[in-house]
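Biologist: I would like to learn how to read the inside of a protein model. Could you walk me through one?

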Amino acid sequence: MAFATTMLHIHGQSAEAVEQALVSVFTGEGRVVAERLQGMYLPVLARLSDPNATAPYRYLILPAHATAPWITVIELGNRADGLEVAL
């Protein structure tokens with residue numbers, strides 16, 4: 001299954017703060033926030049890209065090393081309006 005993919009790099013925020021910002025944006029757009037997956041990159045990515053999953057929008061937060069200055073977010077699917085500004 002093909003997805004539109006965007007990578008965002010958020011500077012100076014924790015993974016928890018990024019996740020909370022994503023929830024706020026989705027709530028404002030009337031999107032349902034569903035399953036939270038954690039684990040190794042490839043198994044989680046496989047579940048996110050499952051064509052049988054019902055969510056039209058998925059994202060993957062890649063927690064950074066403790067000394068890294070940014071968190072990476074990979075968006076898969078329909079873009080959320082103003083997401084990069086909110087984050």
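Predicted model: local features only at pLDDT ≥ 70, side-chain atom pairs only at ≥ 80, totals over all residues.

Biologist: Which residues have the most contacts inside the largest nonpolar core?

Modeller: A nonpolar core is a set of buried Ala, Val, Leu, Ile, Met, Phe, Trp, Tyr and Cys residues joined through side-chain atoms within 4.5 Å. Buried means under 20% relative accessible area, exposed over 50%, partly exposed in between (1.4 Å probe, protein chains only). Here the largest core has 13 residues; Val 18, Leu 22, Phe 26, Tyr 59, Ile 61, Val 73 and Leu 83 have the most contacts inside it.

Biologist: Which elements give two or more residues to this core?

Modeller: Helices (H or I, at least four residues) and strands (E, at least two) are DSSP runs, numbered from the N terminus. The contributors are strands E1 (5-11), E2 (57-62) and E3 (70-77), plus helix H1 (15-28). H1 gives the most, five residues. Another core, of five residues, lies apart from this one and includes Leu 48 and Leu 60.

Biologist: Is Thr 72 buried or exposed?

Modeller: Thr 72 lies in strand E3. It counts as buried because its relative accessibility is 10%. Its side chain makes a polar contact with the side chain of His 9 (3.1 Å). A polar contact is a pair of N or O atoms within 3.5 Å; within protein, one must be able to donate a hydrogen and the other to accept it, and residues adjacent in sequence count only if both atoms are side-chain atoms.

Biologist: What is the relative accessibility of Glu 75?

Modeller: Glu 75, also in strand E3, is at 1%, so it counts as buried.

Terms used: Residues numbered from 1 in each chain as written. Heavy atoms only, no water.
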